Amino acid sequence: MKSKRIYEMEHYIHLHKKVSLSELEEKFQISINTVRRDIKELLKKEVIKKVYGGVESIKDGIIQTEDVLIDIEKRHHTKPKEKQNIAKKAATFIRDGDTIYIDSGTTTLGILDYLSQDIKITVVTNSLPVINKAVKFPNVDIILSGNKYLKRTSSFTKLGTYSILERLNVSKAFMAATSVSIDNGVMNATMEEYELKTKVVSKTKEKYLLVDCSKFNKLGFITFAELTEFKTIITDSLDDELMKQFAQLKNITFIETAKEEV
């Protein structure tokens with residue numbers, strides 16, 4: 001619990017750039033003495049520095065974690081068949097009249113390839129490639145959820161408040177992630193998309209996580225949701241060891257597209 005708290009505290013500081021000790025005390029529901037002990041651990045890592053009344057991040061906003069920060073154009077060429085199969089399965093959950101959220105990512109992008117041209121839905125998204133595909137559907141309305149363009153992920157991120165997400169009733173969200181684990185939940189690689197993703201997850205009742213098997217049991221930069229917040233996880237395949245680990249998550253349906261092909 002301590003190591004996970006320190007991990008989350010570090011990312012909270014990076015997200016907010018500068019925070020007071022009292023803010024950390026309130027956020028993590030711990031004593032001020034515990035806050036000071038945790039801060040000492042982070043100071044040893046040289047990822048934050050002390051400032052008057054609190055601490056400040058000394059990172060540039062992005063932490064390199066294995067291959068999760070690969071440019072989106074390069075990620076299009078990683079596991080393309082597996083990603084298309086995952087997207088194809090996700091598309092089967094979409095019905096006429098739905099208001100859906102399609103997250104930025106190379107797997108979620110494929111969902112629109114498997115929808116009828118006559119479908120009548122509203123697509124809410126922060127992804128430029130998703131918008132470019134959605135405009136070709138005559139009966140699809142498009143709502144943009146972010147307003148600052150991030151070139152590396154080809155997505156729009158937060159600049160100000162997400163008032164549109166506060167008012168919209170999204171029926172289904174199809175989310176992407178850079179890494180997934182039981183201990184650390186569902187993670188992404190940049191702080192820029194963090195608040196948007198958490199807002200979507202908190203506002204949507206029916207949530208689907210689309211991740212290929214290479215994303216499991218890897219540590220990502222920042223956790224934007226717990227695994228238990230998702231109704232369905234669609235992946236290509238899970239080995240026996242992973243299935244044993246995830247068997248404890250009773251309320252989540254795991255769909256393995258590789259097994260459906262057999």
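**A buried pair, and the helices beyond**

Let's start at Asp103, which counts as buried at 0% relative accessibility (buried is under 20% relative accessible area, exposed over 50%, and partly exposed in between, using a 1.4 Å probe and protein chains only). Before going on, note that this is a predicted model, where local features need pLDDT of at least 70, side-chain atom pairs count only at pLDDT 80 or more, and totals for chains, interfaces and linings use all residues. Residues are numbered from 1 along each chain as its sequence is written, and side-chain values use heavy atoms, with hydrogens and water left out.

So what does Asp103 pair with? Its side chain meets that of Lys197 in a salt bridge, 2.4 Å from N to O; the term means a side-chain nitrogen of Lys or Arg within 4 Å of a carboxyl oxygen of Asp or Glu. The pair ties together distant parts of the chain: Lys197 sits in helix H8 (residues 194-203), while Asp103 is in the loop between strand E4 (99-102) and strand E5 (121-125), 94 residues apart. Lys197 is buried too, with a relative accessible area of 3%.

One joins Lys231 to Glu206, with the closest N and O atoms 3.7 Å apart. Here again distant parts of the chain are linked: Lys231 lies in the loop between strand E13 (222-225) and strand E14 (232-235), and Glu206 belongs to strand E12 (residues 206-210), 25 residues apart. Lys231 is partly exposed at 42% relative accessibility, and Glu206 is partly exposed at 22%. The other joins Glu56 to Lys49, whose closest N and O atoms are 3.7 Å apart. Glu56 counts as partly exposed at 24% relative accessibility, as does Lys49 at 40%.

Now step back to the whole chain. It has 10 helices and 15 strands, taken as DSSP runs (H or I, at least four residues, for helices; E, at least two, for strands) and numbered from the N terminus. Buried residues make up 51% of the 262 residues. Of the contacts (heavy atoms within 4.5 Å) with a separation of 6 or more, 62% come from residues 24 or more positions apart.

Over at the helices, the axes of H1 (residues 2-16) and H3 (residues 32-45) come within 10 Å and cross at roughly 70 degrees. Axes are lines fitted to C-alpha atoms, for helices over the stretch in contact, and angles run from 0 to 180 degrees between N-to-C directions. H1 and H3 are therefore roughly perpendicular (65 to 115 degrees; under 35 is roughly parallel, over 145 roughly antiparallel, and the rest oblique). Residues of H1 including Arg5, Ile6 and Met9 meet residues of H3, among them Asp38, Ile39 and Leu42.

Helix H2 (residues 21-28) packs against H3 at about 105 degrees, with their axes 9 Å apart, which makes H2 roughly perpendicular to H3. Leu21, Ser22, Leu24 and Glu25 in H2 meet Ile32, Val35, Arg36 and Ile39 in H3.

How far can you trust the picture? The mean pLDDT of the chain is 83, and 84% of its residues reach 70 or more; pLDDT is the predictor's confidence in each residue, from 0 to 100. Over residues 60-77, though, pLDDT stays under 50, and the model has 35 contacts there beyond four places in sequence. Where pLDDT is low, the predicted coordinates should not be read in detail.
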